[in-house]
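Let's take a friendly walk through this model, with an eye on charged pairs, strand pairing and helix packing. Have the structure open as you read.

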Amino acid sequence: MTDSRLMLVDSNDYTASVLIEDLRRRGLGFIHWAASTMDVPRVLGACEPDVVVVNYHSDQPDNLMVCSTIKLLAPLAATVVITSPGPPLKAVRHWAKQTSSIDVVIEKPLSDERFFITVMDLLRVKVATREADARVARLTSLVPEGALSVMDNGFGDEAEIFDAVVIFTDIRGSSRLIRDMPPEVFFENLNALLTAQAALVRTHQGAVVKYTGDGMLAIFRGMGRSYLALRCGLAIAGLNGKHPFPFGIGIAQGLVLAGFIGDSTEAGQKRQYDVIGTTVHMAARLCELASAGEVIATQGLNKSARITSPVPRLMTGVVIRGLDVETDCLAFHPDQTELKQPEF
């Protein structure tokens, strides 16, 4: 139980020392002790306990209020109150029922092992829960924002079709860069760049779908998506020169097909959330055409976004590889000019 966090609230130095000694003999490590109710908030903030034991003394009836303080400041901690039989026990049970701030009430004397067994069991449960929550948090950090929203609503094999704006970013000359610098330096710089790009996507109300090795795929949905996505693309382009890796950006708008892709023939097979379709392909190809620090978007996208500063360069009859179509595009280079936000 070395990872457990136990806190004792006891205003009597003698009884506190006896309890601490008995708990340590049963394998608990450091125990945080609050010698007065006034000291409880400070100790709670310092140790973030799994279990709080309150030794209730009937000559200090107002001290029961500390249980409510504990539940307020440490809602995930289990609160155990030990008390003498008779009126003190009745008072504690009444307070527990009235406030829901006490999880377990144990009657003194503590001559049997009931108290210690209860505390150890609670600590095991709380530690296991804390470790499980931490593992879930680590796994969640590996799941793109778009997939999380789908998982929150339940998901199956059905794909979703919706209108979106798609942004692709991609490093220029990444093969040469990874050849010319130590792998760990390349990896560190790549992570720093993708972190900065993803932060701008979230700031502009978009969602990162996936990282493509040396780039990123993000989508924007809902009202104002055209303006938000193009403004985001310009903000991302502004990172060029602030990071060691040059990159281009492509943006397209239209229908996309989104869902979980992978082997679904057996339970437990790994699958990943992705978006596919002509719009995704278009954004990827425009990204290929963009030079370092440049945003290339379809002209139709800016008819909705209505961004005029920085002044874009018109590219007519752009051939999109793999689609056998020509389209008119706009190439943007970000500058310090303030963007004027259109009315939606």
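Lysine 210 and aspartate 274 bring their side chains together in a salt bridge, 3.0 Å from N to O. Because lysine 210 belongs to strand S7 (residues 207-211) and aspartate 274 to strand S10 (residues 271-276), this pair ties together parts that are 64 residues apart in sequence. How exposed or buried are the two partners? Lysine 210 is partly exposed, its relative accessible area being 27%. Aspartate 274, in contrast, is buried, at 8% relative accessible area, because the cut-off for buried is under 20%. Bear in mind that this is a predicted model.

| Lysine 71 | Aspartate 103 | 2.8 Å |

Take the salt bridge between lysine 71 and aspartate 103, whose closest N and O atoms are 2.8 Å apart. Lysine 71 sits in helix H3 (residues 65-73), while aspartate 103 is in the loop between helix H4 (87-99) and strand S5 (104-107), so the bridge connects parts that are 32 residues apart in sequence. Aspartate 103 is partly exposed, with 44% relative accessible area.

Since arginine 221 lies in the loop between strand S8 (215-220) and helix H9 (225-237), and glutamate 160 in strand S6 (residues 160-171), the parts tied together are 61 residues apart in sequence. Arginine 221 counts as partly exposed at 40% relative accessibility, and glutamate 160 is partly exposed too, at 32%.

Salt bridges also form a network here, which links Arg176, Arg179 and Asp180.

Now for strand S4 (residues 78-83), where 6 of the 6 residues are buried, so the strand is largely enclosed by the rest of the structure. Which way do its side chains point? Ala78, Val80 and Ile82 face one way from S4, Thr79, Val81 and Thr83 face the other way, and all are buried.

S4 has parallel partners to look at in turn. Strand S3 (residues 51-55) runs parallel to S4 and is joined to it by 5 bridges; valine 52 stands opposite threonine 79 of S4. S5 pairs with S4 in the parallel sense as well, over 4 bridges, and valine 80 has valine 104 in S5 as its bridge partner.

## A helix pair

Finally, how do H8 and H9 pack? Helix H8 (residues 183-203) packs with H9 at an angle of about 155 degrees, and their axes are 9 Å apart. That makes H8 roughly antiparallel to H9, because angles over 145 degrees count as such. The crossing of H8 and H9 is right-handed.

Technical notes:
Residues are numbered from 1 along each chain as its sequence is written. This is a predicted model: local features need pLDDT of at least 70, side-chain atom pairs count only at pLDDT 80 or more; totals for chains, interfaces and linings use all residues. Side-chain values use heavy atoms; hydrogens and water are left out. A salt bridge is a side-chain nitrogen of Lys or Arg within 4 Å of a carboxyl oxygen of Asp or Glu. Helices (H or I, at least four residues) and strands (E, at least two) are DSSP runs, numbered from the N terminus. Buried means under 20% relative accessible area, exposed over 50%, partly exposed in between (1.4 Å probe, protein chains only). Two strands pair if DSSP finds at least two bridges between them. Axes are lines fitted to C-alpha atoms, for helices over the stretch in contact, and angles run from 0 to 180 degrees between N-to-C directions. Angles under 35 degrees count as roughly parallel, over 145 as roughly antiparallel, 65 to 115 as roughly perpendicular and the rest as oblique. A crossing is left-handed if the near helix is turned anticlockwise from the far one by less than a right angle, and right-handed if clockwise.
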